[in-house]
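This report describes one protein chain, part by part. Please look at the sequence and the structure before reading on.

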Amino acid sequence: MILLLVGATESATIVIREVAKTLSLDVRVGESRHPPAWVMTATKDQRGDALRRYVLPSHRVIEFADLGMDTPLHRDVVQVALSRMSELGPRPRLRAPLAGAIARCALPLLREWATWLAVDEARQKIAAHASFLRSKGGTPPRRLLFLVPDMKALASLRGMVNLLLRERHEVYVALTHTSPGDSPLDTLAGQWGLSVSRAPRLQDSPGRPLAEVLMRTRLVSTGWGPVAQRAVAWLQRKLPLELDIVGFLEDLKPNVLVVVPHRSAPSIEPDYFRTARWLGIRSVCLPLRWDDLEASGGLRHEPPDIFAVWNEEQRRDVIARFRFSAERIQVTGALLPSDIVEGHQPLERDAYCVRMGIDPTRKIILMDAPIVSSREWIARFHEWRQAVKTCADPDVNRAAVVVYVENPEEVAPWRRLASTADISVARAGTDEHRAPFRLIESLMAADVVVATSLALALEAATSMKPTIALLGAEGRGAEDLERFSRAYASRREHLTITHSIPDSVAQLSIALSQKTPAESLRQAAAIVRPHSQDTGAGRVSRLLDELAREDCPAGDPPVRPPSWQRLLVLLCAAVARRLDPSSTGHAHQQPTHHPRS
């Protein structure tokens, strides 16, 4: 008798398996090739998925919240639950197995047929809506839909969204992943003046398992790779669209769909781009991270209308990687949090020094704090600060150290540290709106930047400041900084990589005594901001504004595949689902976020 655990932590799985040994229960985790008798899930959404997938009575699918917690399970509770499962026995046999088999075979056909009907109806509604707005005369408001992975990505879009709202565009944002610590969506919508909602949860697609199995097959990495890739591309063109995405786009009727790459496997961007193409909606792929191109392999078969990249090097990479035409690729530069301060005049250096209590004759070293400052990092920072104070170079030992704290929860500890470490904290409060302004003001006043994360290194590049990367900090930003420095090793004249504190202090002495050539700083800035007089937010907003104001549709509707091809794809997908039960499209569901222990 099989007991399937969905969303269980490793510690919970160990406890349940120990108890199940005495009760003749076969405990499996995640997936099962054979129908389970019982299913235990960590969340309500997982329970609903299990009920639909395994066709079990509701009392045999149990939601157990502690299953996904890192805290130990109570063995007595587990013993009682599993004993009751053992008493009730295996799942009952279906009375009409033939009728059930016929229904299971007919359901994908009916869903596929309904999807194509929904696509035709949605396209007609969107076209009729656009015609109605044009008939009213004047300039109707344009609607833009952003598909964003999480709150952090949404924060990077704030400067560009503000510019679009000034042009009276209607901006809608759909989040695919949320966590318990995020701000409420209605609060965020009120602060920003836009509509924020959660993206639809995608149900199992009847044709997806086949494409996923072929993408993972070894043929792609052998001599048959090109043939296998062409077969996958052919199948993806014949697969039915996601009905949930069709309904989502039909309800909002956007003029332009903007998708921020989702670092998930498999990626969901191709589903949205393909649906937008069928519905006559223009689509844009907008990478926010410098390495998002590596996570967007699915775009090779379902390209957007426009692909926005940071610089010319990425443009060449997209052409080589995805075989896109040059007309589809727009070089816009990177979207940075500081783009929101565009048009605002920062403080002069003297005024900044007066506010921070710094002698204007002293050099200023700007450093960023990690997102979470551990005890080890604080001890390393004290060691670095002491090395700066005892340096033989007077420009270094007299320099004022300003620390920018990105995480508002870390501001108070760093303010307490400022009284003993002889430093200044650039961010004196927890106001998220003022944080980018404080960062830009500190960058403009600084003589040299010591970056522990990629975010500050990129901001320093746009401000054309010599930068020293001090590796060894904790968090994703520090890892990205090291990978970024390796990727752009030939163009990092302004970025000096250091792994030790003595090396960092020695490079500080060089940076403060020798002026970095302006040409080197301009080349480094071109990686992030190739158009020196314009921010990434400004160029992206103008690009989207032009696309939204164009009345012509995205192109003629694609031709629906013949019936025999659609039937062939569904039959192959059914075989793929049997051979690989893990290919069920569940990768598109939102991940479960559990509180830390």
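## Confidence in the model

Among the elements of the chain, the lowest mean pLDDT, 58, belongs to helix 8 (residues 208-216), and the highest, 93, to strand 8. Here pLDDT is the predictor's confidence in each residue, from 0 to 100. Helices (H or I, at least four residues) and strands (E, at least two) are DSSP runs, numbered from the N terminus. Over residues 582-597 the pLDDT is below 50, although this stretch has 46 contacts in the model beyond near neighbours in sequence; a contact means heavy atoms within 4.5 Å. Where pLDDT is low, the predicted coordinates should not be read in detail. For the chain, the average pLDDT is 79, and 79% of the residues score at least 70.

This is a predicted model, in which local features need pLDDT of at least 70 and side-chain atom pairs count only at pLDDT 80 or more, while totals for chains, interfaces and linings use all residues. Residues are numbered from 1 along each chain as its sequence is written, and side-chain values use heavy atoms, with hydrogens and water left out.

Six of the six residues of strand 5 (residues 143-148) are buried, where buried means under 20% relative accessible area, exposed over 50%, and partly exposed in between (1.4 Å probe, protein chains only). Arg-143, Leu-145 and Leu-147 point one way from the strand, and Leu-144, Phe-146 and Val-148 point the other way.

Two strands pair if DSSP finds at least two bridges between them. Strand 5 runs parallel to strand 6 (residues 170-175), joined by six bridges; Leu-144 has Val-171 as its bridge partner there.

Leaving aside neighbours within four places in sequence, Ser-442 is in contact with Tyr-352, Leu-366, Val-402 and Ala-426.

Leu-366 and Val-402 are among the residues with the most contacts inside the largest nonpolar core, which has 39 residues. A nonpolar core is a set of buried Ala, Val, Leu, Ile, Met, Phe, Trp, Tyr and Cys residues joined through side-chain atoms within 4.5 Å. Apart from it lies another core, of 35 residues, including Val-246 and Phe-273.
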